[in-house]
Structure formats: C-alpha cells, structure tokens
Amino acid sequence: MNDILPRELIHRILLRVPAEDLFRLRFVSKLWHSLISDPHFAESHYNLYSAASSGSVLVKDYTNACCVSLDTLFDVTAAAPPTFKEVSLPSRKTPCSLFRLLGSCRGFLLLEEKPAYFLVIWNPLTGSSKTISYSHIASEIQLDDAFRYGFGFDASRDDYLIVLSWLDNYNQHRLVCFSLRTNSWINLDAALPKSISRWKQQLFGWFLHGAIHWLCYSSKDCIDDGILIFDLKEMNFSKISMPQQLLGDYPIYLTILGGCLALHSYDIDNHKTEIWVMKEYKVPSSWILMYEIPYGNNSPLCMSNGNDIIALNFIPRYCKIRFAKYNVSGELLNYSPLPLSEYYNFHRSFSVYTESLFPFPCDIKDRDKKKKTGQECFEQHDVAKD
C-alpha cells in the first residue's frame, strides 16, 4: 500500500480508523508507525472522533475496571451483543491498592490510589500511566475527602494539569497544581469568589473549555449556589449561577452533555430525574430544563443521535442498575441487554471518555531524546517524590 498510495492519502485514511485499531496498526510498517505516533496525528484523530464516539469505564470493585463502548450499547443490528472489556488498572501494589475515578480529559483518566496518597493518570487504550504522590500535601490535613480534584489540559502550554484544592488545619484555602510538562507541583495564589468559604464542593471537577468546573452549594442558604470555575490558562477563579428552580435542592450533580454544562437531580416524590442544560457557556439565562425522565434515578452519561440521552438507570429499592436511552421528551427508548447487577454499589465510580492516542508531554521529550541518543523510552512513569 505504501508504494501505491501517496503518504497524504494514507494519512487521511488512517484518521478515520478507530483509535483501538490504530494502536495495533502502528506495527504494520515504519511509515504507519511514524504517522500514527505523531502528536499532530493524535490531535487530528481525537478532534474527529471526540464529538461522535464515547466510551465508559466503571470501577468494578475498587481494584478492577471494565470498559464498554457507549456507541454500541443499543445497536440492534450488531452481530453480537455489547460486552464489557476487562482492563488492568495501573496498580503498583496489587491487590492492595484501591482506586476511585476522579475525572477524564482527552482520553486520559484521573484515579486516586489508596491507601497511600497517589494520583494516577492513565490511558486505558495504551496502558501508559503516570503515578504522582501528594502525601506531602495530605500530611497538612486530618479529614477524609477534604480535597477537591480537577484534571484538565492547558492548550496554551500544551500541558496536562492536576488541580488540588483544600482547607488546611488553619481553615485557610490552599491551591496547588501538578504540571505533567514540568513534572512538578506548583503553589497557586488564586483568590476564591466572595463567600466561597461557606460552600461545599463536589469531589471532582469537570473539564470544559480550558477550565475545571465544580458544583458548589451553600450549607446555610441558597444565595450563592452555583458553579465554581478555575481557568487553567489564566489560573483564576470565577463562578456562574445555577437555575433558580434548583436553588436549595439536594442532591444535585454536575456533568457535561453534548459539550455543554448540565445539572441533574432526582425528584424522589415524583420518581423522576430532571436534567438542566446550559446551552450557551457562561450564560446563566441559557439554562433550560431539557429532560424530565420518569423512570427512576438516572445519571446521564452522554448524548446520542442528536438529543437522545444515554444514562445509568438505578433503582435503589431493587438494587438494580442498567444502561438506558431516553429521547428529549423523556420517553424510554430502550434498555441495554448488558447486565450490571454486580456493579450496583459502584455506580458513582465511573467516567465517560473518548479513546485517544495522546502521549504524555514527557513522552514527547523522551522520544525526541531517543532519536538523538538511541535510548529506549518507558511507557510507565512513576513520580513518588515527597
């Protein structure tokens, strides 16, 4: 093929091949390996697939994980029913380490590894990972779940950043971030919006438009309920308000649907899930109640076929959990045949992501160094410096 087709055409063909297949096709020839391994190719491929392809990872029992393609869950024309693919978590202390998912960005997942204080950035497709210690930070506080996590990409610096926010033992707000490009922790001095000290925040933030987003709600009143935003380029905070109809409601969850911020809550009295979507970013007046789903409690995962919603549907009374698809009118279209009963207790430990071939920033430098020195690079990186 390399002798028949021009390089540009091969490049365009490979761009339309799913990431999982490309990962294997790297070894067809030196030319293909060069094309597929190029960071610019990975960027173009991700941009092409991110809007149309979604996968999901669920932690099975805090030590094991499974992946499933959300695109195939309801494909009635498929020759075989959808199945989970077992994946090995990047543990260094199997089977003692426990994991929970904290978010995703550009095909990478952020996990917390316990009992030691480690954060792990992991690409389920390539298996590459990076382990980062934050025990020197955790020693400053004594409360469990005191940290708020964020994981995102700063395009201006071509860098992946992990953001940690917490109150220290003196009730002072602290903020740091870890840069994958510099391989180091950075202390930040970003002022929180007024009265933020009274807010309770969700555990992890969502990455969108170059910023991390946490849902915050007041412990005493509703006047400051909203979404806290941390811009990764400018390194500063801002906030936007949530719909007035949701003020004072609890619990409310933040997510991203179709490239938009979304809030969902479960109305216990009426047994329905309400999903609000912000159609224009940072424009509070654009919040609309887009879905009212009268089929139990649902955690929306992604949008499919335009305005259809794929969600995790769970019924506490019967300890039942399953994938479901709903249309914009809230009507149930179908349940996936994929059994999920054994995952019921871990339905909150999941993350939606798009498979990617992106390397870590340090991998790019290692590869350039390899070209000069001929040394081999390692796919597994550990940073366990206190």
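Predicted model: local features only at pLDDT ≥ 70, side-chain atom pairs only at ≥ 80, totals over all residues.

User: Which strands stand at the edges of the open sheet of four strands?

Analyst: The order of strands in this open sheet is E8-E9-E10-E11, and the pairing is antiparallel. A strand at the edge has a single partner, so one side of it is left without a neighbour in the sheet. The edge strands are E8 (148-154) and E11 (184-187).

User: Which residue in E10 stands opposite Ile162?

Analyst: Strand E9 covers residues 159-167 and strand E10 residues 173-179, and the two pair in the antiparallel sense over seven bridges. Across this pairing, the residue in E10 opposite Ile162 is Phe178.

User: Is Leu175 buried or exposed?

Analyst: Leu175 belongs to strand E10. Beyond its neighbours within four places in sequence, Leu175 has contacts that include Val163, Trp166, Ile186, Leu188, Phe230 and Phe237. The cut-off for buried is under 20% relative accessible area. Leu175 has a relative accessible area of 4%, so it is buried.

User: How far apart in space are Leu175 and Phe147, C-alpha to C-alpha?

Analyst: In sequence, 28 residues separate Leu175 and Phe147. In space, their C-alpha to C-alpha distance is 9.9 Å.

User: Which side chain joins that of Asn327 in a polar contact of 2.9 Å?

Analyst: Asn327 sits in the loop between strand E23 (320-326) and strand E24 (332-335). With 14% relative accessibility, Asn327 counts as buried. Its side chain reaches the backbone nitrogen of Ser329 at 3.0 Å, while the side-chain partner at 2.9 Å is Glu331.

User: Which residue takes a positive phi in the hairpin of E15 and E16?

Analyst: Strands E15 (residues 226-231) and E16 (residues 236-241) are antiparallel partners over six bridges, with Ile227 opposite Ile240. Most residues other than glycine have a negative phi. The hairpin has four residues between the strands, and the one with a positive phi near 60° is Met235.

User: What is the phi of Asn183, and how does it stand with the phi of His209?

Analyst: Asn183 is in the loop between E10 and E11, and at 37% relative accessibility it counts as partly exposed. His209 is in the loop between strand E13 (206-208) and strand E14 (211-218). Neither residue is a glycine, yet both have a positive phi. For His209 phi is about 50°, and for Asn183 it is near 60°.

User: Which helices do the buried residues of H3 pack against?

Analyst: Helix H3 (residues 30-37) has Trp32, Leu35 and Ile36 buried. These cover an arc of only 90° around the axis, which puts them on the same side of H3. The helices they pack against are H1 (7-15), H2 (19-25) and H4 (39-49).

User: Which residue caps the N-terminal end of H4?

Analyst: The buried residues of H4 are Pro39, Phe41, Ala42, His45, Tyr46 and Tyr49. They fall within an arc of 150° seen down the axis, so they line one face of H4. At the N-terminal end, a side-chain oxygen lies 2.7 Å from the backbone nitrogen of His40, and the residue that supplies this cap is Asp38.

User: How many residues apart in sequence are the parts that Tyr46 and Phe358 tie together?

Analyst: The count of aromatic pairs comes to 14. In one of them, the rings of Tyr46 and Phe358 have centres 5.3 Å apart and planes at 55°, so the pair is tilted. Tyr46 lies in helix H4 and Phe358 in the loop between strand E25 (350-353) and helix H6 (361-373), so the separation in sequence is 312 residues.

User: What is the geometry of the pair formed by the rings of Tyr117 and Tyr134?

Analyst: Tyr117 is partly exposed at 37% relative accessible area, whereas Tyr134 counts as buried at 0% relative accessibility. The ring centres of Tyr117 and Tyr134 are 5.5 Å apart. Planes over 60 degrees apart count as edge-to-face. The planes here are at 80°, so the pair is edge-to-face.

Conventions: Residues numbered from 1 in each chain as written. Heavy atoms only, no water. Pairing = 2+ DSSP bridges. Buried < 20%, exposed > 50% of the residue type's maximum accessible area, 1.4 Å probe, protein only. Contact = heavy atoms within 4.5 Å. Polar contact = N/O pair within 3.5 Å; in protein donor to acceptor, adjacent residues only side chain to side chain. Arc of directions from axis to C-beta. Phe/Tyr/Trp six-rings, centres within 6.5 Å; stacked < 30°, edge-to-face > 60°.
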